[in-house]
Amino acid sequence: MDAVSRGVKVQLPNYLRSLPIPSTFGGFLKLSGSEWVQLVPLVVTTSVAVYLVVSALIPSKPKKKEHEWVNKTVEKEKEKVADTFQIEDLGDKMVCCRCWKSKKFPYCDGSHNEHNKETGDNVGHVTEARSKMEAVSRVIKVQLPNYLRSLPVPSTFGGFLKLSVKEWRQLAPLLLTLSLFIYLVIKQFTRRSASKPTGKKTPDQDWVNKTQQKDKEKVADTIQIEDLAEKAAYHAFCRCWKSKKFPRCDGSHTKHNKETGDNVGPLVLKRKKPQPAAATTPSS
């Protein structure tokens, strides 16, 4: 603190007294080079002080906070990006961008999905749509009548032969719609007649065995008990008729049950576990 006090009370006054400051503005023109060098610290300090005071008093322009921008790419040369649509010109549905990343801006191209995935954000589009009933009403009352009136339908069958290619193209949607309708009606009637029970069954409809040894009149297998391996804990025989190791079970019933909801299983032969010999008590 003593050094600060000495600098303020002694050194600074002595420095100010030694400065070659002229008594008139014209006197600055007569100063020598060494005298200007003496004045440099005072001039610089005074300039910085004035700048700081002026900067504090005059409000500066707000800095651009680009990290807080919502729109980072679209038409940044404009002061404000606003889009206007005529309600009468809207179709049945319009999807507009709100993430400001769409390449079809102002329309949505789905870019918000990638943005949300990369950033964890949850922005989405805005959809302007007419009510479904209004759209249906508009089609029936306005668009369909206008289309039908514009069709070049002749008043006689012979008139069809005089139609131009362009007129046939105009009729194509109507003809295709009628053809499809007639096809669906015929198909529905034929399906109903085909689905009626005839009282007959196809030969293999009730078969249990559909694949194994169908050349035989009857598939019967005899297993000699003596031939069963004594070391095997059990022997499994197929009853689903799908085993590739028939008549042995290979687990095909598991796939069959999973695919069909059935519950067939194998025939399993097990050997009894040998009973431990009873302990004998010594005779007295």
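Among the lining residues are Val 219, Asp 221, Arg 239, Trp 241 and Pro 247. A pocket here is an open set of points on a 1 Å grid over the protein atoms alone, where a 1.4 Å probe fits, with protein on both sides within 12 Å along at least five of seven lines; lining residues have an atom within 4 Å of a point. Its volume, the space filled by probe spheres set on the points, is about 210 Å³.

The model is predicted, with local features needing pLDDT of at least 70 and side-chain atom pairs 80 or more, while totals for chains, interfaces and linings use all residues. Numbering starts from 1 along each chain as its sequence is written, and side-chain values use heavy atoms, leaving out hydrogens and water.

Ala 220 sits in the loop between α5 (165-195) and β3 (234-237); helices (H or I, at least four residues) and strands (E, at least two) are DSSP runs, numbered from the N terminus. Ala 220 counts as exposed because its relative accessibility is 59% (exposed is over 50%, buried under 20%, partly exposed in between, with a 1.4 Å probe and protein chains only). Ala 220 and Pro 247 are 27 residues apart in sequence, and their C-alpha atoms lie 9.3 Å apart.

Elsewhere, Tyr 51 belongs to helix α2 (residues 33-57) and, at 56% relative accessibility, is also exposed. Overall, 16% of the 284 residues are buried.
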